[in-house]
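Let's take a friendly walk through this model together. Have the sequence and the 3D view open as you read.

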Amino acid sequence: MKRIAILTSGGDAPGMNACIRSVVKTAIGSGMEVMGVLRGYKGLIEDEFISLSHKEVSGIMQRGGTVLYTSRCPEFVSKEGQKRALENLKKYEIEGLVVLGGDGSYAGAIALAKAGVNVVAIPATIDNDLYYTDHTLGFDTAVNTITSLINNIRDTASSHERPSVIEVMGAYCGDIALNVGAGVGAEIILVPEVKVTDKQIVDAVEKCETIGKSSCMIITNEKVYDASKLSDLINKRTGVASRPLEVGHIQRGGSPSAFDRVLALKFGACAVKMLVDGKSGAVGDKNGDIIAVELSAALKGSRQFDYNLYQLALKSAGDVLKLQKP
Ligand code: ADP
Ligand code: F6P
């Protein structure tokens, strides 16, 4: 294999740059040329290719976001869009493609693989919503970013003795909310995987008051509740003066954690090796090992929610949220 390309697609994630660096360095070390495709599948369709050498990837490892830019590209879902992308890959004599992104980007990678392209997908999204891998790039950083923000919020919330409602991202996966909630000792954690009624939430907030907790931290996944709406509901039904915060895109930016950088390094090296061996697939990690699965298998199944951690986190924070058995 003489020339490969790399693109980043969908929501950006901390660690994408460290992974681009890993792919470029490993590929050059294996005697290959690397091209970067700008703006994900949009650049593949609109012919936005650049050459990547040691120079372009120097000093990017510690930066959040993606130097290749990213986009959501509805045109690529159509056969016509994919046809144009394939023509450009042919024009530049690209023999292998590395795609960094989340489940939507994986669907795009599968479409290209079906058309005969050697594609390796690398999980890069803060959501941690790809079931075959323990971690997606960016998840660890996002959890750490939100956790340090909440340290500040806890200070002021406990000084005023009032509840805080914090809305975090994660799409339909509760992993960000769960891990943030467990790490900050949140009294209430709301995730798509566990049904909690408004009454249970209100009762839990009231219980915090009656047992004399100086603050009550409520972490909600973005698909379960909007922070302002939940805060209003709590205030109306309990008479407290909770404050809402939608963490927003602060959680998606920032310098990647050491964990994400090391994972990026390993994922990138593994992806290049797979292409050198003429293989397509999806790279991931399981129990500390780097693994590869068939691309088509990467989107099957659903993520196992860590209900034990969920229960442990709630119990350790005073057991105020009373749940029915799942
Ligand atoms: P993420 O990869 O972070 O989940 P998106 O869901 O927005 O982000 O998907 C990123 C891009 O992947 C989309 O904008 C589109 O170009 C491509 N994509 C998504 N679904 C498909 C599909 N079914 N077939 C082909 N391409 C797809
Ligand atoms: O997939 C990453 C993610 O940040 C999700 O957690 C969130 O639902 C979505 O993207 C937000 O996308 P944007 O604000 O870029 O449209």
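In helix α10, the buried residues are Asp 260, Leu 263, Ala 264, Phe 267, Gly 268, Cys 270, Ala 271, Val 272, Met 274 and Leu 275. Here buried means under 20% relative accessible area, exposed means over 50%, and partly exposed lies in between (1.4 Å probe, protein chains only). An α-helix has 3.6 residues a turn, so residues three or four places apart point the same way. Helices (H or I, at least four residues) and strands (E, at least two) are DSSP runs, numbered from the N terminus.

This is a predicted model, in which local features need pLDDT of at least 70, side-chain atom pairs count only at pLDDT 80 or more, and totals for chains, interfaces and linings use all residues. Residues are numbered from 1 along each chain as its sequence is written, chains are lettered from A and ligands numbered from 1 in the order in which they are written, and side-chain values use heavy atoms, with hydrogens and water left out.

Back to α10: the helix runs over residues 258-276, and its 19 residues reach 27 Å from first C-alpha to last. That is close to the expected 27 Å, where the expected span is 1.5 Å times one less than the number of residues. Just after α10, Gly 278 takes a positive phi of about 75°. Ser 257 is buried, at a relative accessible area of 14%, and its side chain makes a polar contact of 2.5 Å with the side chain of Asp 140. A polar contact is a pair of N or O atoms within 3.5 Å; within protein, one must be able to donate a hydrogen and the other to accept it, and residues adjacent in sequence count only if both atoms are side-chain atoms.

Now for the chain as a whole. It has 12 helices and 11 strands. The radius of gyration is 22 Å, close to the 20 Å that the globule rule gives for 326 residues, so the chain is as compact as a globular protein of that length. This radius is taken over C-alpha atoms, and the globule rule is 2.2 Å times the number of residues to the power 0.38. Along its principal axes, the C-alpha trace spans about 70 × 35 × 35 Å. Buried residues account for 52% of the 326 in the chain.

Next come the ligands. Around ligand 1 there are 15 residues, and the closest are Arg 72, Cys 73, Gly 102, Asp 103 and Ser 105. A residue is counted as near a molecule if one of its heavy atoms lies within 4 Å of it.

| Ligand | Residue | Part of residue | Distance |
|---|---|---|---|
| ligand 1 | Gly 102 | backbone | 2.9 Å |
| ligand 1 | Gly 104 | backbone | 3.1 Å |
| ligand 1 | Ser 105 | side chain | 2.5 Å |
| ligand 2 | Gly 170 | backbone | 3.1 Å |
| ligand 2 | Glu 222 | side chain | 2.6 Å |
| ligand 2 | Arg 252 | side chain | 2.9 Å |

On its own, ligand 1 has 550 Å² of accessible area, and the protein covers 76% of that. Ligand 2 taken alone exposes 400 Å², of which the protein buries 70%. These areas come from the Shrake-Rupley method with a 1.4 Å probe; for residues, only the protein chains shown count as cover.

What about disulfides? The structure holds 0 of them, a disulfide being a pair of cysteine sulfur atoms within 2.5 Å. For Cys 19, the nearest cysteine sulfur is that of Cys 270, 10 Å away. Cys 19 is buried, with a relative accessible area of 0%. Cys 216 is in no disulfide either, and the sulfur of Cys 208 is its nearest, at 3.4 Å. Cys 216 is buried too, at 3% relative accessibility.

Some loop residues also deserve a look. Arg 39, in the loop between β2 (33-37) and α2 (41-45), has a positive phi near 60° although it is not a glycine. Arg 39 is partly exposed, at 27% relative accessibility. Tyr 69 has a positive phi of about 60° and is not a glycine either. Tyr 69 sits in the loop between α3 (54-57) and α4 (79-91) and is partly exposed, with a relative accessible area of 46%. Tyr 132, in the loop between β5 (119-123) and α6 (139-160), is buried at 4%.
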